[in-house]
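User: Hi! I'd like to talk through a structure with you, starting with the packing and then going on to charges and strands. Could you put it up for us?

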Amino acid sequence: MVKQRQLFFIAAFAAGCCDDQGEVPVTFGWTLEGQTPTAQNCGANQIYLWGHRALDDLVLISDGGIDCTLGVATTTWLPYAWALTVQLKDPVGNIVQASVLSTDENPIFILDRVPLYLGVATLTPTDAGVDAGVADAGLSADGGEDAGAAADASADAGEDAGAGASADAGADAGADAGDDAGLDAGADTGIDAGDDAGDDAGADAGPDTTAPDAGAAISFTLPIGSTNPAIANLTVNWGTATDNVTPQAALEYKLVRAASTGALDTILEADDAGIVMDWSSNVTSQAATGLLANAPHAFAVLVRDDAGNTALYAPATSVSMLHAPALQGGYFYVAYPDSTASGKATVARSNGAPWAQVGVAGFTSLPIRSNDTTLAVSDAGEPWFAATQDTGSWASDTYTYAFDGGAWGPKGNVVGTCQGTNAPSLSFGGRNTPYLALRASNCITWGMRAVSHDGINWATFASHSSLDTWAAFSRAFFLGSELYFFTGHFASPRAVVLHSMGGGATFAQLGADLTAAEVNDGLRPGQIMALDGTTLYVAYQDPATKKAVVQTCNVTACSFSALGGGPFSDGEVSGVGMIVVLGTPYVVFRDHARGGKGTLMKFEGVSWSTVAAGYSTGEIASPQLAYNQATGNIEVYQIDSADPSRVTIKTFPGPVGAAPERPNGTVGNIARYLDGGSYVDLPVAIEHAASLQIGNKVYLIGGSLGSSYPAFNLDAGTTAAIFAATIDSDGGVGGFTPSAYNLVVVRKGSRAERIGSYVYVLGGFSGAGQTTSTPLASIERAPVDSNGLAGAFTTWDAGLAQGRYNFATLLTNGALYAIGGGTSSSYDSNTIERAPVDLQTGNVGQFVALTRVVIDGNNVLNGLNDNRWTHSAFRLGNNIYVMGGESLSTIEKVVMPNDGGIDDGDGGLGTFVRAGNLVSNRNRLSVVALFGKAYVYGGWNGTFLTSVEMAPIVGDTLGTFTADSGVTLEVGLENGTPLLTNNAVYLFGGYNGTTRPYIQRGLIAP
């Protein structure tokens, strides 16, 4: 009888981990029933260790066999979960015994670097009389019992392979006669070769429950461009992970994307997010294509091992492509590195239609850095572009270009020293002067620098040498004599506002530091700063909450505070844009709480309210705000993922009564309008007409006709007729024609205002004058839409407190005011009346007279200092100026509160104070306000005036008027109707002894 013994197998990792092929050295040992194997016990038998993964071929791990007497051996195997088999062979290669230590369903997992019990195999030493003819002995399922149970009963040798082989065990030698080779070592999964010993092979190994270790953090590579400026690509990179079992080459990765990192905080969230790349092995980067351009995108990477253990890389956010956007004249411009032009710059624009290329593609001399570009458009519609271009050896200069309507031309480069310049930001100042703020090196440190362009070269405007690692400018802006910009620190989570100290040579910090960990967020693009009077507003993403926050301070003594008390959005935001209209701040942003859609909010005196939450069809990028004076609406320009081939323009009701967007420049002589050598006149001679601009339409409403016009079925005198003309994109006014709609009654000296979806015409005379008719208290209205008048005028139920003509009107957030003018009880008056308005319904209530209170000789509450009629009024921000009138040169001003004019219990307007004088007395005058200048022209003071007066405008404050000797009115007229477009000032009609049909125009020069 052959005595059988049991070998107990133990494996342990060697110290250290993996070699450069990913293999792990393993020490493999065994004992003989707790004793060291000896020659007597082992004889010349050899031990072989085999292994395989599921569906893989069997692999010999112990190459060449191991002397059974050694008790220990070192071999290598790949760090997988393997199924193991031990074989014991005699000197001639016959398998003496085979033992399954694990199976595919119950594999051995490499868990750590401590000894790991594997299993037991049965040993039959050769010197104990092993039958040399026993081939491929089957698995002993019961601790040595049925050792020959798998023998082939019909072996080729003609022997009974199992004869007597298991007699002592009492088993049927031919039980598995059909198995031929008898090798059934792995057939019964999980069989314990030493079951009698109570040892389950592999049971103590346990499953692999350790997740992989993530590699280097996620980073991004920005591309050189895209053929569609609204669509961009980027490459996501991450480091190689490691695992305690699975080799690096076999680890699998999954790349996912969401609107914000908050949606990728856990493995479960990330696994359910949008898939950019599904599970793939041996990969550490992936292109993310077709992204919404110039928008933040959050990415996460999942990694898993062969056992399904999963780990999550920390989510990260990148902007897909940092375009340089600008908004001007209803067009949204973008500049971008163009992949079809070797990464050089291309500019495109859209006004809601598909993108149109501006000039040639790839107009820059070198490829540009996508995150170092800036674009600005002058008031004259001329795009300027600046970008950092590498000049080699870490050096870079900022190159500038301008588009003259036909081609892009170089405007010089801003040369730095040593490492050069970067982070440029363009802005336009007075008279359309380009200013460029950037970061520049002086070989020792980095600092802030601003330059201005004189038409030929760039010259230093101001600098700051001590902010060496600051960069990431906002869109800088020039106001009065100061340049403002917002900049953040690379190394510390803070930002500052800098200004040029009244045009001095050195920048100074405005107020204290602002904590802003992610200063790039919302800085480029976006209007993140605004100045209203002396109040500066800065909007950005709060680093602690990721919500929107607006900080304010008075620029004369800046101490920043959060408007509304702190962050105010519902959740995380990015791409913040801001505008302040009539003292009301509006912010728009990409709302991550709503899947990256757009949300618009406004501040209403005490707290922030939502105008529209998640208003866009899809995710948005690059939102920017504009105020349309003609419609009274807030407009949002943005790229929308639902239709990224074009810009989406969303319109929302806004506060009303603000001064129109004012062009920048100087008015030339105001002369009769010539076209092809012939005068262009109105179809009728008219004076005393009210005027209104709706979109690109201008209307002359009512008035007095100098003659009869049978072609139009019109009689001379006061009229109910309305004439309309179209303003083209260049600011030119086409021919006037009769409108399809007329007033209910004839009116002259009336006033017109648009409120919501209606236009109202108030007061005036229906006869020749005060001696022949009573001033009208009635009001009529007609519906309007974006295309102009949309229906007939009807009499409105409410009216003025008393008949009033040649007065001024002021429309605020909640009220309509009638100021001065002739009344039914006075030739001229100093009184004011007010009616409530509902901007949502467009309804106007009954006017009520305000109580005029004289404070002193220069200050009057809720009334004028002087009696006025045929005067003019205009608005600069919250400052309302009233000037001129019959035999008057005086000017007075009231500052409207931010709440729209309700500053006391009876809804009064405020205190009018004296604010200077015109050069001469003027009545029936015309006034227009440009960005930096106000012009007064026309009128009468005993003669019909051709002189023009001009006053500077600094911020929203009007300076002193002086005679403008270089500008005249060709024909002196009174009672004409003025109009301001983006390239000219106009005077329609008027009277100088005869009512005239003249159109006089003065072009605005940059």
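**Cores, salt bridges and strands**

Analyst: Happy to! The largest nonpolar core has 22 residues, and those touching the most other members are Leu682, Val698, Val733, Phe736, Leu979, Tyr986 and Phe988. Keep in mind that this is a predicted model.

User: Which elements give two or more residues to this core?

Analyst: Three strands do: S52 (697-701), S55 (722-726) and S80 (984-988). S80 gives the largest share, with 3 residues.

User: And what does Val698 touch, leaving out residues up to four places away in sequence?

Analyst: Val698 touches Leu692, Gln693, Phe723, Ala724, Ala725, Ile727, Val733, Phe736 and Leu979.

User: Nice. What about a second core?

Analyst: There is a separate one of 18 residues, and its members include Leu234, Phe299, Val303 and Ala316.

User: Switching to charges. How many salt bridges are there?

Analyst: The count comes to 16. One of them joins the side chains of Arg304 and Glu252, at 2.8 Å from N to O.

User: Which parts does that pair tie together?

Analyst: Arg304 is in strand S15 (residues 296-304) and Glu252 is in strand S12 (residues 252-258), so the bridge ties together parts 52 residues apart in sequence. Arg304 is partly exposed, at 27% relative accessibility, and Glu252 is partly exposed too, at 26%.

User: Where do Glu886 and Arg924 lie?

Analyst: Both lie in loops: Glu886 between strand S71 (879-883) and strand S72 (890-895), and Arg924 between strand S73 (911-917) and strand S74 (926-929). Their side chains meet in a salt bridge of 3.7 Å, N to O, so the pair ties together parts 38 residues apart in sequence. Glu886 is partly exposed, with a relative accessible area of 23%, whereas Arg924 is buried, with 16%.

User: Which residues are linked in a network of salt bridges?

Analyst: That network links Asp866, Arg868, Glu892 and Arg914.

User: While we're on arginines, is Arg804 buried or exposed?

Analyst: Arg804 is buried, at 1% relative accessibility. You'll find Arg804 in strand S62 (residues 804-805).

User: What is Arg804 in contact with, beyond its neighbours within four places in sequence?

Analyst: Working along the sequence, Arg804 contacts Gly763, Gly764, Pro775, Leu776, Ala818, Gly820, Gly822, Thr823, Ser829, Thr831 and Glu833.

User: Okay, strands now. What is the order in the open sheet of 3 strands?

Analyst: The order is S50-S53-S54, and the pairing is antiparallel. S50 (686-687) and S54 (717-718) are the edge strands, each pairing on one side only.

User: How many bridges are there between S53 and S54?

Analyst: Strand S53 (residues 704-705) pairs with S54 over 2 bridges, in the antiparallel sense. Leu705 has Gly717 in S54 as its bridge partner.

User: And S43, how many of its residues are buried?

Analyst: For strand S43 (residues 620-628), 9 of the 9 residues are buried, so the strand is largely enclosed by the rest of the structure. S43 runs antiparallel to strand S44 (residues 633-640), and 7 bridges join the two. Tyr627, for instance, has Ile634 in S44 as its bridge partner.

User: Last one: where is Ala450, and what does that residue touch?

Analyst: Ala450 sits in strand S28 (residues 446-453) and is buried, with a relative accessible area of 0%. Not counting residues up to four places away in sequence, Ala450 touches Leu436, Ala437, Ala459, Thr460, Phe461, Ala462, Leu483 and Phe507.

User: Great, thanks for the tour!

Conventions
Residues are numbered from 1 along each chain as its sequence is written. This is a predicted model: local features need pLDDT of at least 70, side-chain atom pairs count only at pLDDT 80 or more; totals for chains, interfaces and linings use all residues. Side-chain values use heavy atoms; hydrogens and water are left out. Helices (H or I, at least four residues) and strands (E, at least two) are DSSP runs, numbered from the N terminus. Buried means under 20% relative accessible area, exposed over 50%, partly exposed in between (1.4 Å probe, protein chains only). Contact means heavy atoms within 4.5 Å. A salt bridge is a side-chain nitrogen of Lys or Arg within 4 Å of a carboxyl oxygen of Asp or Glu. Two strands pair if DSSP finds at least two bridges between them. A nonpolar core is a set of buried Ala, Val, Leu, Ile, Met, Phe, Trp, Tyr and Cys residues joined through side-chain atoms within 4.5 Å.
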